[in-house]
Amino acid sequence: MKITDVTVYVVKPRWIFLKLQTDEGINGWGECVSGAKTNTVVAGIHEVAKNFLFGKNPFEIEKLFQEMHRSFYRGGPVNGTVISGLEVALWDIKGKALNVPVYELLGGKAKEKVRVYSWIGGDQPHDVAQQAKKRLDMGFNAIKMNATGALHYIDSPQRISEVVNRIKAIRDCCGDDFDVAIDFHGRVHKGFAKRMAKELEPYHPMFLEEVVLPENQEAFKDVAQHVVTPLATGERLYTRWEWKDIFRQGAIDIVQPDVLLCGGILETRKILAMAEAYDMAGAPHAPYGPVALAATLQVDACTPNVFIQEQSLGIHYNKEYDLLDFVKNKEIFDYKNSFVQIPQGPGLGIEMDEDFIKKVASQGLDWHNPSWKTYDGSISEW
């Protein structure tokens, strides 16, 4: 079997799907992250596939990953997502060719189902308690929300009170058995993050995510010394090499590699295995489309330390279209009591509706990360 071609679809709300084709008619689906450089990512998919994959045996995934990754300049979001999306498609091909789910090729199941949480936004929240109650009524027992909107390096005490009051409202509405993860999203800088994390502690967050920007990861230890709440990070780290300092530091409790950015399915599995050796839990990052989630569930299935999984069905970013719109076997994301079953189909286990994908792709896409400013006109992190 040889790889012959790649087809790329850019679709609303903010996703890039790719289909890797072979000379035996077995095709694999992948996905890449959009954002502010969609056209660059699309060009990168075609360039990398042509230079490293066409004419090659899709079964040789480790070899092909090494060839794609080990250029002179490595890492970064564009290169990371291009390689990751193509690597995911290779696993889909191999699983389909052997008629087994991908997790069977990675050691087999370590669990029977995967716990998931739901998103309720939180950038500019006014009714988070009602949103949380809605998710509770839907059967979810865990949510995640953004902690805050735009912040300066040191902001007013009122901003902390606003965050605390929102979490308190959720606790009052949904009770103590309802898990709430709080995503700082790298929007909070070290001095303010320590104070905010401490003020949130009485409300027992499930974890605090990206309490500072990943490039300021030396501050994780500083924040960890002020709170007992588990700290999580990792969605913006590429390959296992960028994780070495996180493991050495010992301040992070929960790792969140992203299968569409860190290098793909096998690289995600390797990072999570390294974390297991350091007694760290896993909660992979996956707020994107259906291929991303299906690929991540394959990793979750065979990874003991993954305790919960992000998923984006109904997330506030999904305007006009959502995950299930692009999928034929919609039961793959059937959530019951905050759990989803392990996918059973070959490859990623997902059947994409290519006719519908083509229809949506014809509408075009112009999505960018929001750009925020603070009260004095300086740039704030989104």
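By class (Ala, Val, Leu, Ile, Met, Phe, Trp, Tyr, Cys and Pro count as nonpolar, Asp, Glu, Lys and Arg as charged, and the others, Gly among them, as polar), the second largest cavity has a lining of 3 nonpolar, 1 polar and 4 charged residues. This is a predicted model, where local features need pLDDT of at least 70 and side-chain atom pairs count only at pLDDT 80 or more, while totals for chains, interfaces and linings use all residues. Residues are numbered from 1 along each chain as its sequence is written, and side-chain values use heavy atoms, with hydrogens and water left out.

**View 1. The second largest cavity.** Its volume is about 40 Å³. Around it sit Ile61, Glu62, Phe65, Glu87, Gly263, Leu266, Glu267 and Lys270. Two or more of these lining residues come from each of α2 and α9 (265–277); helices (H or I, at least four residues) and strands (E, at least two) are DSSP runs, numbered from the N terminus. A cavity here is a set of points, on a 1 Å grid over the protein atoms alone, where a 1.4 Å probe fits but cannot get out, and lining residues have an atom within 4 Å of a point. Grid points are joined across faces, edges and corners, and a volume is the space filled by probe spheres set on the points.

**View 2. The largest cavity.** The structure holds 2 cavities of 30 Å³ or more, and the largest has about 60 Å³ of space. Its lining includes Phe65, His69, Asn79, Tyr238 and Cys262. At least two lining residues come from each of α2 (61–69) and α3 (77–98), with α3 giving the largest share, 4 residues. By class, you get 5 nonpolar, 7 polar and no charged residues.

**View 3. A cis peptide bond at Pro13.** Lys12 and Pro13 are joined by a cis peptide bond, with omega at about 10 degrees. Look for Pro13 in the loop between β1 (3–11) and β2 (15–22). For context, most peptide bonds are trans, and most residues other than glycine have a negative phi.

**View 4. Positive phi at His185.** Not a glycine, His185 still has a positive phi of about 60 degrees. His185 belongs to the loop between β6 (179–183) and α6 (190–200). It is buried, with a relative accessible area of 12% (buried means under 20%, exposed over 50%, partly exposed in between, with a 1.4 Å probe and protein chains only).

**View 5. Positive phi at Ser338.** Ser338, also not a glycine, has a positive phi of about 70 degrees. The loop between β11 (309–310) and β12 (339–341) holds Ser338. Ser338 counts as buried, at 1% relative accessibility.

How values were computed
On a 1 Å grid over the protein atoms alone, a cavity is a set of points where a 1.4 Å probe fits but cannot get out, and a pocket is an open set with protein on both sides within 12 Å along at least five of seven lines; lining residues have an atom within 4 Å of a point.
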